[in-house]
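Please open the model in your viewer and keep the selection panel at hand. The tour below says what to select at each stop and what is there.

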Amino acid sequence: MVMLSESKSPIFDQTGPKIKICGIRRLQDIDLVNCYRPDYIGYVFADSVRKVSDREAEKLTAALDTSIVPVGVFVNDRIEHIVFLCNENIIQCIQLHGDETPSYINRLRKLTCRPVIKAVRVQSTRQLIQYQDFPCDYLLLDTYVKNSYGGTGQCFDRTMIPKNYRPFFLAGGLGPANLQQAMDECHPYCLDLSSSVETDGYKDPEKIKRVMDKMNQWKNGTVHELKERTKS
């Protein structure tokens, strides 16, 4: 079992936009995130080029800075498997990317108190309104691509997101060049990146640095100050 600190999880922190770097799979990746400190990282347990085993994830979390929340990403997985990873403190948050129903999530909640994120592949505003009261802590809004559960690196039309929507993670084609635009357009709780911070399929330190520098500028207000000076 991985031992974790008692510090408050950023999942409950409402102080500003967050960053999640998904698809972490090597100790070199852990070194990068420990250096640049995103709020969340994601381990993919579903079939993917970025898939990790339980044992690999355990080693990664053991080396992870305790201020960063490790999220497990699943697609129609066995509830018992997810609960095991939570009980072993390998993950602190659950991200469901498949066809999981409210009853599935309610069963999961009876067995673990870890926060649950449910991914929605966005097709319409009406669809998102139907998810407004879905029994999860957060939604993750991603691009709809037929026969894919996510991770396509493609953007979707963010005007489909209702105004004053519940707090959500935003995914789908996000990178250093369009983070500011995404934040201004729909004010997500957290921005979720994976392939855009990779080179040749592996996490790239320079790209991660650019993202975290951009977010730190945004949080410190320097981006908005620059925009105001440009207007004047």
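Buried here means under 20% relative accessible area, exposed means over 50%, and partly exposed lies in between. The model is predicted.

**Stop 1: helix H1**

Select residues 27-36, which make up helix H1. Which residues of helix H1 are buried? They are Asp29, Ile30, Leu32 and Val33. These residues cover an arc of only 160° around the axis, so they sit on the same side of H1. An α-helix has 3.6 residues a turn, so residues three or four places apart point the same way. Now colour Asp31 and Cys35, which are exposed on the other side of H1.

Then step just past the end of H1 to Arg37, where phi is positive, at about 60°.

**Stop 2: aromatic rings**

Next, show the side chains of Tyr43 and Phe45. Both Tyr43 and Phe45 are buried. For the whole model, the count of aromatic pairs comes to eight. In the pair of Tyr43 and Phe45, the ring centres are 6.5 Å apart and the planes stand at 90°, so the pair is edge-to-face; planes over 60 degrees apart count as such.

Move on to Phe169 and Tyr189, an aromatic pair that is tilted. Their centres are 5.7 Å apart, with 55° between the planes. Where in the chain do Phe169 and Tyr189 lie? Phe169 is in strand E7 (residues 168-170), while Tyr189 is in the loop between helix H6 (179-186) and strand E8 (190-193). The two are 20 residues apart, and the pair links distant parts of the chain. Phe169 has 0% relative accessibility and so counts as buried. Tyr189 is buried as well, with a relative accessible area of 7%.

Together, Tyr40, Tyr138, Phe169 and Tyr189 form one aromatic cluster.

**Stop 3: helices H3 and H4**

Select residues 79-87 for helix H3 and residues 102-111 for helix H4. The two helices pack at an angle of about 35°, and their axes are 10 Å apart. The crossing of H3 with H4 is right-handed. On the H3 side, the contact is made by Ile79, Ile82 and Val83. On the H4 side, the residues are Tyr104, Arg107, Leu108 and Leu111. The contact of H3 with H4 divides into six nonpolar residues, no polar ones and one charged.

**Stop 4: Thr125**

Select Thr125, which lies in helix H5 (residues 125-130). Is Thr125 buried or partly exposed? With a relative accessible area of 31%, Thr125 is partly exposed. Leaving aside neighbours within four places in sequence, Thr125 is in contact with Thr159, Met160 and Pro162. Thr125 and Thr159 are 34 residues apart in sequence, and their C-alpha atoms are 8.4 Å apart in space.

**Last stop: the whole protein**

Zoom out and show the cartoon. The secondary structure comes to eight helices and 10 strands. The protein has 232 residues, of which 51% count as buried. Of the contacts with a separation of 6 or more, 57% are between residues 24 or more positions apart.

Methods: Residues numbered from 1 in each chain as written. Predicted model: local features only at pLDDT ≥ 70, side-chain atom pairs only at ≥ 80, totals over all residues. Heavy atoms only, no water. Phe/Tyr/Trp six-rings, centres within 6.5 Å; stacked < 30°, edge-to-face > 60°. Buried < 20%, exposed > 50% of the residue type's maximum accessible area, 1.4 Å probe, protein only. Helix = DSSP H or I, 4+ residues; strand = E, 2+ residues; numbered from the N terminus. Axes fitted to C-alpha atoms, helices over the stretch in contact; angles between N-to-C directions. Left-handed = near helix turned anticlockwise from the far one by under 90°. Contact = heavy atoms within 4.5 Å. Nonpolar A, V, L, I, M, F, W, Y, C, P; charged D, E, K, R; others polar. Arc of directions from axis to C-beta.
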